[in-house]
Amino acid sequence: MGIISRGFGGRRRESVPGLPPGQYLTHDFPVLSAGPTPRVPLDRWRFTITTETGEKTSWNWSEFQALPAEDFTVDIHCVTKWSKLGTTWRGVSLDTLLGDVESSADYTMAHSFGGYTTNVPMEDLLDGKAWVVYKFEGEDLHPEHGGPARLLIPHLYFWKSAKWVTGLTLMPEDEPGFWEAAGYHMYGDPWREQRYQGD
Amino acid sequence: MTATSTEEFEDGATLDGNAMAGDLREVFAVDVTSARYMCAGCRHTDAVATLRLWNRAPGLVARCPNCEDVVIRVVRAPDKVYLDLRGSVRLEVPLEGV
């Protein structure tokens with residue numbers, strides 16, 4: 001009794017702290033993309049919030065850079081099952097971007113260059129849970145990873161963190177975005193493994 | 001012809017529509033890659049096999065080589081396949097042996 005090591009069972013994913021169910025750790029940064037990588041010149045970049053009444057608030061690149069930025073470290077979890085822990089970013093909190101926007105909308109749709117969309121509840125963008133980021137590990141965000149700027153919502157699966165983000169549309173009702181319309185979960189909580197519709 | 005290298009297409013697609021054949025064979029009794037699609041965006045029409053395919057994504061994304069609009073999306077869940085065809089006005093499927 002006790003002579004067979006319990007450690008011989010191979011990798012036990014659930015034993016890694018910070019790793020949601022069904023995920024594995026990766027130390028590189030896989031590039032996933034649903035289309036061509038846009039190269040967005042900074043003089044054409046703009047981030048626009050459109051409310052449910054059609055009111056628009058927008059920032060060009062220099063106005064966006066002048067907003068208070070935060071440096072922070074978070075874990076990210078892709079629905080294709082890789083997770084990357086301790087990633088460091090710099091960006092503007094959605095609390096800052098939405099701070100002066102008058103809206104009673106409960107849902108938002110993020111839009112990107114190239115036509116990608118993803119839906120996120122308003123409450124998941126507020127209280128320090130989401131950012132528009134433009135630096136990764138101290139470097140300008142590479143176009144393959146969504147540069148010049150992407151959404152970052154680390155508590156949801158990474159498809160919610162829209163690359164090449166151009167803005168948010170605020171909506172009274174929830175609507176599916178690009179992947180949600182094709183079978184993925186409307187919310188996408190990695191800790192509840194909400195990968196597909198019905199999970 | 002199936003693309004074999006990541007640099008095959010200038011638009012960044014790594015594969016063409018032939019690479020959807022396996023997933024679509026599970027759904028249809030015919031080879032859909034030989035069917036003709038009509039793009040809902042630009043009305044371009046050609047064989048499904050000629051679509052530009054992005055497969056390093058949460059699903060397969062097949063785009064029109066003419067206008068880059070998404071024509072077909074295929075998402076594999078453990079127990080089902082979702083096939084989103086809203087980017088295709090129609091599929092013209094040849095019947096074998098007729």
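Buried here means under 20% relative accessible area. Keep that cut-off in hand for this predicted model.

**Stop 1: B:R73 and B:D84**

Select B:R73. Its relative accessibility is 8%, so B:R73 counts as buried. Colour the strands next: B:R73 sits in β6 of chain B, and B:D84 sits in β7 of chain B. Eleven residues separate the partners, and the pair links distant parts of the chain.

**Stop 2**

Chain B contributes 18 residues and chain A contributes 16. Six residue pairs across the interface are in polar contact, both residues at pLDDT 80 or more. The salt bridge count between the chains is zero.

Now look at the chain B side by element. Strands β5 (60–63), β6 and β7 (80–84) of chain B each give two or more residues to the side that touches chain A. The largest share, five residues, comes from β6(B). Colour this side by class: nine residues are nonpolar, one is polar and eight are charged.

**Stop 2: A:W179**

Centre on A:W179. What does this residue touch beyond its neighbours up to four places away in sequence? In chain A, the contacts are A:A34, A:Y116, A:W159 and A:Y184. In chain B, they are B:A57, B:P58, B:G59, B:V61 and B:V75.

**Stop 3: the cores**

The largest nonpolar core has 49 residues. A:W179 is among the members that touch the most others, together with A:F47, A:I49, A:F64, A:L94, A:L97 and A:V132. In chain A, β2 (46–50), α1 (61–65), α2 (94–98), β8 (131–136) and β11 (165–171) each give two or more residues to this core, as does β6 (70–77) of chain B. A second core stands separate, with 16 residues that include B:M20, B:L24, B:C64 and B:V71. In soluble globular proteins, nonpolar side chains tend to be buried together.

**Stop 4**

Over all chains, the whole structure holds ten salt bridges. Go to A:R90 and A:D71. Their side chains meet at 2.6 Å, N to O. A:R90 lies in strand β5 (residues 82–93) of chain A, and A:D71 in strand β4 (residues 70–77) of chain A, 19 residues apart. Are these two buried or exposed? A:R90 is partly exposed at 27% relative accessible area, while A:D71 is exposed at 56%.

Finish in chain B. Select B:E92 and B:R90: their side chains meet in a salt bridge at 3.9 Å, N to O. B:E92 is partly exposed at 41%, and B:R90 is partly exposed at 45%. Last, select B:D23, B:E26 and B:R76. Salt bridges that share partners join these residues into one network.

Key
Residues are numbered from 1 along each chain as its sequence is written. Chains are lettered from A and ligands numbered from 1 in the order in which they are written. This is a predicted model: local features need pLDDT of at least 70, side-chain atom pairs count only at pLDDT 80 or more; totals for chains, interfaces and linings use all residues. Side-chain values use heavy atoms; hydrogens and water are left out. A nonpolar core is a set of buried Ala, Val, Leu, Ile, Met, Phe, Trp, Tyr and Cys residues joined through side-chain atoms within 4.5 Å. Buried means under 20% relative accessible area, exposed over 50%, partly exposed in between (1.4 Å probe, protein chains only). Helices (H or I, at least four residues) and strands (E, at least two) are DSSP runs, numbered from the N terminus. Contact means heavy atoms within 4.5 Å. A salt bridge is a side-chain nitrogen of Lys or Arg within 4 Å of a carboxyl oxygen of Asp or Glu. A polar contact is a pair of N or O atoms within 3.5 Å; within protein, one must be able to donate a hydrogen and the other to accept it, and residues adjacent in sequence count only if both atoms are side-chain atoms. Ala, Val, Leu, Ile, Met, Phe, Trp, Tyr, Cys and Pro count as nonpolar, Asp, Glu, Lys and Arg as charged, and the others, Gly among them, as polar.
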